[in-house]
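Visitor: I have a model open and a few things to ask. Can you walk me through it?

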Amino acid sequence: MYQTNSPIPINSKPVVAHDGESVHRADPNNSHVKVESEGSNGSPYANTLMTGSKKLQDELEKTGTKMRQHEDNLKFLKAQRNQLDDAILDLQVSLGKSLPSGTSNSEDGDSSIGRSEEETVEQILKHEKSAAGIVCKLKSHDGVQISNPTVTQELLGVVAMLGKVDDDNLSRLFSEYLGLQTMIAIVCKTYDGIKSLETYDLEGLVNKFAGLYALGASVGRTLEGRFRVICLENLRPYAGEIVANDPKRRLDIPKPRLPSGDIPAGFLGFAVNMVHVDKTHLFCLTSDGCGLRETLFYNLFSRLQVYKTRAEMLLAITCITDGAVSLDGGMIRTNGVFSLGSREELSVRFPIYSPKDRLPEKYYELENQLKQRKWEKERIQEDIRREQALLDQEKYNYQLRKQDFLKFLADTSSVITQHQLQTAVQDRLTPR
């Protein structure tokens with residue numbers, strides 16, 4: 001606890017003059033200090049003195065109480081942080097033990113995934129004057145000098161590179177449903193990242209020598225036209241539950257039901273849960289601890305249903321709320337809005353996810369727990385910094401109030417001494 005050097009306790013009683021006399025608080029700007037004579041304890045002046053003393057002591061005690069509260073909060077938060085440090089260390093040890101011998105901690109452990117991603121990057125780079133092309137170039141140029149690091153710190157990447165699907169058919173289907181402009185949209189964590197991408201001059205025109213334009217020039221690419229950017233912190237995340245004990249953190253969305261109460265025939269699941277999110281983006285990307293599935297992909301797909309065939313999809317139309325697609329090319333965008341005709345072949349598609357040589361499920365579960373604990377520790381560190389700042393402020397306030405109280409005591413003591421001297425002189429001069 002915070003200890004003061006003053007011998008005056010916080011809960012000391014109000015100062016009252018002895019020998020039946022009351023005193024005023026000394027006013028250094030007023031040389032005419034009136035002092036009531038003996039028997040005037042109930043005078044307004046005596047009451048004012050006692051009220052002033054009580055008020056100063058109450059303020060001092062109140063500040064001391066606040067200090068103790070902040071100290072208790074800090075003690076509790078630091079204890080929590082220490083517990084998290086122990087948990088993080090234990091999880092790191094368990095994570096290492098869960099790796100099979102000879103397994104490298106690489107992205108899904110399958111080189112075929114890398115080839116699929118390279119193909120997607122190649123298709124994005126063909127859009128030469130696009131923002132997505134610049135971002136992909138930046139990802140492969142580690143040595144680029146960046147004047148504003150916020151640009152790259154807040155950039156997660158391009159939508160097409162932030163998820164994978166099980167097969168080429170789903171890749172074509174989901175990519176067509178989203179459309180090219182969404183597939184090559186850029187994703188940022190916060191609005192600060194959005195602001196760093198583009199600046200304007202005094203006339204409101206785009207500054208082509210700053211932000212993403214300058215970064216494009218540094219890697220030999222120009223940027224023209226409009227480009228779409230998605231800000232995670234401004235998206236409304238999925239408000240429901242996550243599937244219990246699921247290392248991939250799939251959303252626990254209730255299955256559609258026909259009026260009879262049965263699940264429609266041919267229903268395969270929800271598109272948002274069929275996207276494989278990179279393990280580094282599963283959660284803790286926003287200040288609320290949400291990952292890409294609850295934010296980006298839920299906002300892109302919502303509760304888009306996936307069916308085996310178009311015929312089965314149409315039979316389930318009464319329980320389709322946010323659109324549906326079928327593996328044979330059927331597509332309902334929203335209630336009453338159908339996409340007919342031949343499939344549109346998009347060049348930019350999601351990479352294919354391969355389960356070959358993947359790490360055991362236990363590994364992903366432990367890794368998710370580790371990321372969660374680290375995120376919790378970051379939140380506690382912020383709370384500790386805030387509580388420490390509040391405590392420092394209260395300590396400063398305490399010193400100021402203590403000085404006021406000591407000055408009050410000194411002033412009243414001076415008045416009492418002066419009154420006693422005046423009384424003694426008057427007694428000597430008064431005829432007996």
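Predicted model: local features only at pLDDT ≥ 70, side-chain atom pairs only at ≥ 80, totals over all residues.

Visitor: OK, zoom out. How many helices and strands are in the chain?
Guide: The chain has twelve helices and ten strands. It runs to 432 residues, and buried residues make up 40% of them.

Visitor: What about the surface?
Guide: The accessible surface of the chain is about 24500 Å². Carbon and sulfur atoms account for 50% of that.

Visitor: What share of the contacts join residues at least 24 apart?
Guide: The share is 71%, among contacts between residues at least 6 apart in sequence.

Visitor: Now the sheets. What is the order of the three-strand one?
Guide: The order is 1-3-4. That sheet is open, and its pairing is mixed.

Visitor: Which strands sit at the edges?
Guide: Strand 1 (155-158) and strand 4 (229-231). Each of them pairs on one side only. Neighbouring strands in this sheet are turned by 20° against each other on average, direction ignored.

Visitor: How do strand 3 and strand 4 run?
Guide: They run parallel, with three bridges joining strand 3 (residues 186-188) to strand 4. For a landmark, Val187 has Ile230 of strand 4 as its bridge partner.

Visitor: What holds paired strands together in general?
Guide: Strands of a sheet pair through backbone hydrogen bonds, either parallel or antiparallel.

Visitor: And the five-strand sheet, what is its order?
Guide: The order is 5-7-8-9-10, in an open sheet with mixed pairing. Strand 5 and strand 10 (337-338) are the edges, each pairing on one side only.

Visitor: Which way do strand 8 and strand 9 run?
Guide: They run antiparallel. Two bridges join strand 8 (residues 324-326) to strand 9 (residues 331-334). Val325 stands opposite Met331 of strand 9.

Visitor: What does helix 5 lie across?
Guide: Helix 5 (residues 168-178) lies across strand 7 (305-307), strand 8 and strand 9. The helix runs at about 35° to strand 9.

Visitor: Switching to helix 10. How many of its residues are buried?
Guide: Eight of nine, so helix 10 (residues 293-301) is mostly covered. The buried ones include Arg293, Glu294, Tyr298 and Phe301.

Visitor: What happens just after helix 10?
Guide: Ser302 takes a positive phi there, about 50°.

Visitor: Aromatics next. How many pairs?
Guide: The structure holds six aromatic pairs. One of them is Tyr238 with Tyr298. Their ring centres are 5.2 Å apart and the planes are at 65°, so the pair is edge-to-face.

Visitor: Where do Tyr238 and Tyr298 lie?
Guide: Tyr238 lies in the loop between strand 4 and strand 5 (267-270), and Tyr298 is in helix 10. The pair therefore ties together parts that are 60 residues apart in sequence. Both tyrosines are buried.

Visitor: What about Phe267 and Phe270, how far apart are the ring centres?
Guide: They are 5.4 Å apart, with planes at 75°, so this pair is edge-to-face. Phe267 and Phe270 are both buried.

Visitor: Which rings form a cluster?
Guide: Phe174, Tyr177 and Phe301 do, linked by ring pairs.

Visitor: Back to the loop between strand 4 and strand 5. Which phi does Asn245 have, positive or negative?
Guide: Positive, about 60°, although Asn245 is not a glycine. Asn245 lies in that loop. It counts as exposed, because its relative accessibility is 73%.

Visitor: And Arg249?
Guide: Arg249 is in that loop too. It has a positive phi of about 50° and is not a glycine. Arg249 is buried, with a relative accessible area of 17%.

Visitor: Last one. What is Ile263 in contact with?
Guide: Lys255, Pro256 and Arg257, leaving aside neighbours within four places in sequence. Ile263 is in the loop between strand 4 and strand 5. It is partly exposed, with a relative accessible area of 35%. Ile263 and Ala316 are 53 residues apart in sequence, and 8.9 Å apart in space, C-alpha to C-alpha.

Note on methods: Residues numbered from 1 in each chain as written. Heavy atoms only, no water. Buried < 20%, exposed > 50% of the residue type's maximum accessible area, 1.4 Å probe, protein only. Helix = DSSP H or I, 4+ residues; strand = E, 2+ residues; numbered from the N terminus. Pairing = 2+ DSSP bridges. Axes fitted to C-alpha atoms, helices over the stretch in contact; angles between N-to-C directions. Phe/Tyr/Trp six-rings, centres within 6.5 Å; stacked < 30°, edge-to-face > 60°. Contact = heavy atoms within 4.5 Å. Areas by Shrake-Rupley, 256 points an atom, 1.4 Å probe, with all protein chains shown as cover.
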